Amino acid sequence: MPGGTRPSTRPLLQRFHDGGCSLSHGAGNVEQMPDIDELEVALDAAVSSLKGGGEHRPGQRTMCRAVAEAMESGRHLIVAAGTGTGKSLAYLIPLAMGEGPSVVATATKTLQDQLVDKDLPQLVEALNLPVRFAVLKGRSNYLCLQRLKEHLESDQQRLDIAPGSSSEMARLAAWAQRTDTGDRAELDFEPSTEAWDALSVSGRECPGAKNCLSGPTCFAEKAGHRAEEADIVVVNTHLYCLHLFSETPILPEHDTVVLDEAHGLEDIVSGAAGLVLTGGRFDNLARHIRSVMAEAEVADLLESSGDRLREVLAPFRDKSLPSPLPDNLLEVAVLGRGRVDRAGAELKAVPDDGPGDVGQRKLRAVRAAGALAEDLSRAVANNAGEVAWVEGSESSPTWRIAPIQLGDLLTEKLWPRTTAVLTSATIPMNLGKVLGLEPEEHDTMDVGSPFDYQAAGLLYCAKHLPDPRNPDYESAIHEELAALMEAAGGRTLALFTSYRALDRAAEVLRDKLDLKIYTQRDLPKPELLRRFATEVESSLFATMSMWQGVDVPGESLSLVTIDRLPFPRPDDPLLEARREQYGKDAFRLVDLPRAGTRLAQGAGRLIRRGTDRGVVAVLDSRLARAGYRWDLVRALPPFTRTAERHQVEAFLRAIREQSQ
């Protein structure tokens, strides 16, 4: 919660209904923290109900106790909980038994949906707990009733949507009449970006419920009210970070936050604490202005600034911007800021009581102008401790700015104010350090996994292959892949560090093998994963976006291959700036932790259930030869290790025969 000091951590309460799961307290003191036995009774009851029978998971019990102790003591906790631990239940039970309120932040929509649609409802039912929970998303995820009203009633609003989108607008308008939430995720069709943007509003554009004619019925405001009344609020991690860095709190006050999928927290914090400037933001402001003033010269000037910004940024794509900024970029930014200021002045001169909804459109335009002006000022300030770079396509380059180090920011905004539990199946080896957590402020633990990795799988390092920088490497890994895939009978998830490597391998192996091979380019991800899971002898070739979030248990997957150690790009501008600050320790503090985490994520696709068996094959001989190899091996599940391909082929054939 921005502002103020850290609240005292309130004791956990026994909150079970009479007739529900009964937990006892000594001397009738209902406000003391439930002891270990009580937590385990709750955990057993939940597991029995959710799993159809109590499944003994020592790691889950250990984590559950540790989360409860962190909540009670106010001491931060970083906990690695391997696949199969049941970490969501391990932290939800202490949160549900606590006095609250608390927040759970997830990096992916998949986990967010799982918590809200499955885990929390089942937990509340299993334990008969009077716990209220809610999900809160960024404002642009909710349909804006005011913008819909303007669209339906006024032909002055220039929506700038693609031809053919009128039918989408009609469907959205009909949906608005029957939805209770206005949440885009509940639509049974996917609207175009133009249509949804025309009927939604960002947090930096919205004037707020008090200043909006549709404020009393606003879907986003209703979601906010539900969050204020909830004991547990589930949010996206990016929204949580925006809350930390916002002058106006987005979330209700809370004593505890669980940051799940914390392996990506560093990048999310960097994005939320930074800014993004594009030519499209000038275009968007011009559209806002024309919706208020049909004949506005300043709108044309803004679009000209947007075009000029794209032109000046294009040569710097995928590069850091020099400091001080190039003269032509500084000139474009300063001129653009002047035009934004002029637009703001002209907007403020428009009467609030103009015809129709012009007053409402004016408020949104003024807010958009203020946000753009603020970001332009920060961009030209060239602040120490920040790095600026350009990414995106040639036609739509993006100027990005982010803090180089995050520790001071989080020390100011989070650690002294809220007890934080950071968890993931894969925790970077230096996460606490990069986030500014001092050793005396937090505990770190690894509760392992219930899976018997040594019996279930092999970690194969093909140490005989050439170094990845060797010209013979590509043909060698194609031969290696072919042999392994034949032994496995397909059933392969082949992970690549680039699309070029994926495309070349798919081209060669489709000709070489009589096996069905899908690539990430072939189909939308949900359909691709459905086919891979149901077509048992198929294989899937994928890039970095599928190194996590792929869950294919059972006989359809017995081989995961990784073409190269997944070190970050050496020319990534933000990481380059961090390397410069770390000096001779840069590889150990920047590159190695990221490679270890990503490697563990890829390897984690293999064993998803206790009955799964298979091989993780790393086709990069550096894992067997480099001086840093043990740092990476220790990041992986404790598979039985081998460098002998014949042993791997025999193991894969045995798995294949047993499944037939």
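Predicted model: local features only at pLDDT ≥ 70, side-chain atom pairs only at ≥ 80, totals over all residues.

Student: Got it. How many helices and strands does the protein have?

Tutor: There are 25 helices and 18 strands in the protein.

Student: And what is the radius of gyration?

Tutor: The protein has 27 Å. A compact globule with 660 residues would have a value near 26 Å, so the two agree.

Student: What box do the C-alpha atoms fill?

Tutor: Taken along the principal axes, the box is roughly 80 × 75 × 50 Å.

Student: Let's turn to helices. What does H14 reach from its first C-alpha to its last?

Tutor: Helix H14 covers residues 358–381, which is 24 residues, and reaches 34 Å. That is close to the 34 Å expected at 1.5 Å a residue.

Student: What comes just after H14?

Tutor: Asn382 does, and its phi is positive, at about 55°.

Student: At what angle do H11 and H14 pack?

Tutor: Helix H11, residues 279–292, packs against H14 at an angle of about 155°, and their axes are 9 Å apart. H11 is therefore roughly antiparallel to H14, as angles over 145 degrees count that way. The crossing of H11 and H14 is left-handed.

Student: Which residues make that contact?

Tutor: From H11, the residues include Phe282, Leu285 and His288. On the H14 side, Ala365, Ala368 and Leu372 are among them. By class, the contact of H11 with H14 has ten nonpolar, two polar and five charged residues.

Student: Now for another pair. How far apart are the axes of H3 and H4?

Tutor: The axes of helix H3 (residues 87–97) and helix H4 (residues 109–127) are 11 Å apart, and the packing angle is about 55°. H3 and H4 are therefore oblique to each other.

Student: Is their crossing left-handed or right-handed?

Tutor: H3 and H4 make a right-handed crossing. Among the H3 residues in the contact are Leu89, Tyr91 and Leu92, while the H4 residues include Leu111, Leu115 and Asp119. Sorted by class, the residues of the H3 and H4 contact are nine nonpolar, two polar and two charged.

Student: What about H18 and H19, at what angle do they pack?

Tutor: Helix H18 (residues 473–488) and helix H19 (residues 499–512) pack at about 55°, with axes 10 Å apart. H18 is therefore oblique to H19. Their crossing is right-handed.

Student: And which classes do the residues of the H18 and H19 contact fall into?

Tutor: Six are nonpolar, one is polar and five are charged. Glu474 and Glu479 of H18 take part in the contact, as do Arg500 and Arg504 of H19.

Student: Changing topic: where is Leu145?

Tutor: Leu145 belongs to helix H5, residues 145–153.

Student: What does Leu145 touch?

Tutor: Not counting residues up to four places away in sequence, Leu145 touches Ala176, Ser214, Thr217, Cys218 and Phe219. The C-alpha atoms of Leu145 and Leu199 are separated by 7.6 Å, although these residues are 54 residues apart along the chain.

Student: Nice. Which residues does a cis peptide bond join?

Tutor: It joins Ser323 and Pro324, with omega at about 0°. Pro324 sits in the loop between strand E7 (319–320) and helix H13 (327–348).

Student: Last one! What is the phi of Asp318?

Tutor: Phi of Asp318 is near 65°, a positive value in a residue other than glycine. You can find Asp318 in the loop between helix H12 (297–313) and E7.

Terms used:
Residues numbered from 1 in each chain as written. Heavy atoms only, no water. Helix = DSSP H or I, 4+ residues; strand = E, 2+ residues; numbered from the N terminus. Expected span 1.5 Å × (residues − 1). Axes fitted to C-alpha atoms, helices over the stretch in contact; angles between N-to-C directions. Parallel < 35°, antiparallel > 145°, perpendicular 65-115°, else oblique. Left-handed = near helix turned anticlockwise from the far one by under 90°. Contact = heavy atoms within 4.5 Å. Nonpolar A, V, L, I, M, F, W, Y, C, P; charged D, E, K, R; others polar. Rg over C-alpha atoms; globule rule 2.2 N^0.38 Å.
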